[in-house]
Amino acid sequence: MKKQLRYLSHEDILSMNVSFETVIEVVEKVLTEHSEGFYVNPPKPAIHPDPISFFHAMPGYLPRIHAAGVKWVSGFSANAAKGLPGITGLTILNDDKEGFPTAVLDCAWTTGIRTGAVSAAAAKRLAPKNAKVFTIIGTGIQGRVHAANFQKAIPTLDTVKVFDVNPKMVESFTQYVKERTNLNVINEPTAEAAIRDSDIVITCTGKITEPIFDRNWVKKGALVMPVHTSGWTKDYPFKADKFIVDDWGQFFHSNVEAGGYYSKLPDPYAQLGEIISGKKPGRENDDETILDHNYGLAIHDIALCQRLIKIAEEKNIGTVLTYMDTDKNIV
Ligand SMILES: NC(=O)c1ccc[n+]([C@@H]2O[C@H](COP(=O)([O-])OP(=O)(O)OC[C@H]3O[C@@H](n4cnc5c(N)ncnc54)[C@H](O)[C@@H]3O)[C@@H](O)[C@H]2O)c1
């Protein structure tokens, strides 16, 4: 029997016009599966060719929706200055009955969008009431995704304050965001100016070794979401009223990976899925300062890729490749 797989390039995926709302729906379902324990998401092992670059292997499995696979993703933070995407790679999906690979997809789009969608799903439950101003530190792909889509989760937002070390990135970010939203975009001269008085702070710089902000700049009652690691002063998780992570096991492992960034680990208030599924309350009052760090779960990638492949099959998008003829001897 001929075993086939579908390949979706970045261009194929863009042509599908999958909405941000659809991706929020996928990640909320995944987080609910996570909170109910129906998932396998081992911490990502990494290779570092240099201190600001990585390759991560991200396997994941959601048994109730039969989604299994692995994302092999690169993060090269120096690429942004060359006008190249920093996050690139491929996701492989597998059939969970016989194990055969069923699909290979570009992972730049899925990583970009699902990360913003997880933040948006979290912000719906954790942002202060009537939030108007949000901050983006690092105006690359994550900065764009978050800024261009956050009003879909928090419609009261009217202003985004931004800071990036690269003025060219801010310029193209501003054009991108203005074409897609009615937000007032304010380019600030420092991270501190961008963070002070903001209702929601999102830091999405490339990999940096020093914290990009001091917790004392954050307004009481704000929601802070570092999309990358090491973006905060080390005492912050201990001082926030609620410290939330997407997956405690992976957060624990990421501390080991970072060479023991924390000498003592903070106790999280919750894993994000517990809040999405209603097992624990999200924001409970206007004074709570909440820190939510979502380090990124393979199960989001796998579930989103499964959804993309279903759409691609219906619309006949992508390239179908024969992987193996099982009637032939393997060796
Ligand atoms: N948690 C997750 O699930 C997840 C998913 C994707 C990406 N990420 C991480 O998010 C970060 C951003 O990813 P991206 O694809 O947007 O990267 P990118 O390379 O497109 O953008 C990074 C931006 O940060 C800016 N920057 C670098 N150092 C800075 C500093 N000190 N101050 C201000 N700005 C600075 C760069 O100029 C660039 O504009 C990366 O660290 C990446 O690893 C996390």
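**Entry: basis of the notes**

I am working from a predicted model, in which local features need pLDDT of at least 70 and side-chain atom pairs count only at pLDDT 80 or more, while totals for chains, interfaces and linings use all residues. Residues are numbered from 1 along each chain as its sequence is written, and side-chain values use heavy atoms, with hydrogens and water left out.

**Entry: the ligand**

For Gln142, a backbone N or O atom lies 2.7 Å from an oxygen atom of the ligand. I then looked up the cover: of the 860 Å² of accessible area that the ligand has on its own, the protein covers 87%; such areas come from the Shrake-Rupley method with a 1.4 Å probe.

I noted that 27 residues surround the ligand, where a residue is near if one of its heavy atoms lies within 4 Å. Arg114, Gln142, Asp164, Thr205 and Val227 are the closest. By class I recorded 12 nonpolar, 12 polar and 3 charged residues in this shell; Gly counts as polar, and Asp, Glu, Lys and Arg as charged. The largest share, 3 residues, is given by α3.

**Entry: the open sheet**

I traced 8 strands in an open sheet with parallel pairing, in the order β9-β8-β7-β10-β11-β14-β12-β13. Strands here are DSSP runs of E with at least two residues, and helices are runs of H or I with at least four; two strands pair if DSSP finds at least two bridges between them. Because β9 (184–187) and β13 (270–271) each have a single partner strand, they stand at the edges, and one side of each is left without a neighbour in the sheet.

I found helix α5 (residues 167–180) packed on this sheet, touching β7 (133–137), β8 (159–163) and β9, with contact meaning heavy atoms within 4.5 Å. The direction of α5 makes about 170° with that of β9, on a scale from 0 to 180 degrees between N-to-C directions.

I also checked β12 (residues 242–245), which is joined to the parallel β14 (residues 290–293) by 4 bridges. Val245 has His293 as its bridge partner in β14.

**Entry: a hairpin**

I saw that β2 (residues 46–50) pairs with β3 (residues 53–62) in the antiparallel sense over 3 bridges. A hairpin of 2 residues joins β2 to β3, and Ala46 stands opposite His56 in β3.

Technical notes. Polar contact = N/O pair within 3.5 Å; in protein donor to acceptor, adjacent residues only side chain to side chain.
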